[in-house]
Amino acid sequence: MTTGNMIKNDLSVLAKEDVIKLIGKEWMLVTAGNMTSYNTMTASWGGIGYLWDRPVAFVFIRPERYTHDFIEREDRMTLSFYGEEYRKALQFCGVKSGRDVNKAQETGLTPVPTETESVTFAEARLTLDCRKLFKTEMTEEAFLDQHVFEEWYKGPKGGGFHTIYVVEIENVYTR
């Protein structure tokens, strides 16, 4: 099965990835919606692992982000990863809102559907096609380390508390 120029693989593809580097250093696009109506945003917080007897990813999205609305509305999302040559596109998708601009048009990224009708981009070197399993809202009371709370939610980096989503990785696509 191909999605644009991507090839569907099994989950063993992830065993070859450094997942700490993958999300924290390379960043990812989190995309929710369908080919008619979707939004994407850059994220560098999250992880990949194994939970509830299945491969999962977990992502953190602030409610004020436009993509949050799409994630809330949909059952699925994609997490996609890119080579260094797309760094400027990811930077753009991290600072501009889909409320105001068409990110695909502005960055030259090409939206393509997955076999589950989720959206990824043809330029992605790796796409995880995911189904939502769980969500919870962060709260101040839940922070065991107050320094983290102070730095990321109360200080100049502050913003709304993230919604944490745990998603099952159902399909993996590579280019």
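Predicted model: local features only at pLDDT ≥ 70, side-chain atom pairs only at ≥ 80, totals over all residues.
**Positive phi**

Most residues other than glycine have a negative phi. Tryptophan 27 has a positive phi, near 75°. I place tryptophan 27 in the loop between α1 (19-24) and β3 (28-33). Aspartate 53 also has a positive phi, near 65°. Aspartate 53 is in the loop between β5 (46-51) and β6 (54-61), and I note it as exposed, at 66% relative accessibility.

**Charge over a ring**

I returned to tryptophan 27 for its side chain. The charged end of arginine 87 sits over the ring of tryptophan 27, 3.5 Å from the ring centre.

**Aromatic pairs**

I searched the whole structure for aromatic pairs and got 12. One of them is tryptophan 45 with phenylalanine 60, edge-to-face, at 6.4 Å centre to centre and 80° between the planes. Tryptophan 45 is in the loop between β4 (38-43) and β5 and phenylalanine 60 is in strand β6, so the pair ties together parts 15 residues apart in sequence. I read tryptophan 45 as partly exposed, at 28%, and phenylalanine 60 as buried, at 18%.

Next I took tyrosine 66 and phenylalanine 70, an edge-to-face pair with 5.0 Å between centres and 85° between planes. Both are in helix α2 (residues 66-73), 4 residues apart, which means about one helical turn separates them. Tyrosine 66 is partly exposed at 24% relative accessibility, whereas phenylalanine 70 is buried at 5%.

**Cluster**

Last, I checked for grouped rings. Trp45, Phe58, Phe60 and Trp152 form one aromatic cluster.

Notes. Residues numbered from 1 in each chain as written. Heavy atoms only, no water. Helix = DSSP H or I, 4+ residues; strand = E, 2+ residues; numbered from the N terminus. Buried < 20%, exposed > 50% of the residue type's maximum accessible area, 1.4 Å probe, protein only. Phe/Tyr/Trp six-rings, centres within 6.5 Å; stacked < 30°, edge-to-face > 60°. Lys NZ or Arg CZ within 6 Å of the ring centre and 35° of its normal.
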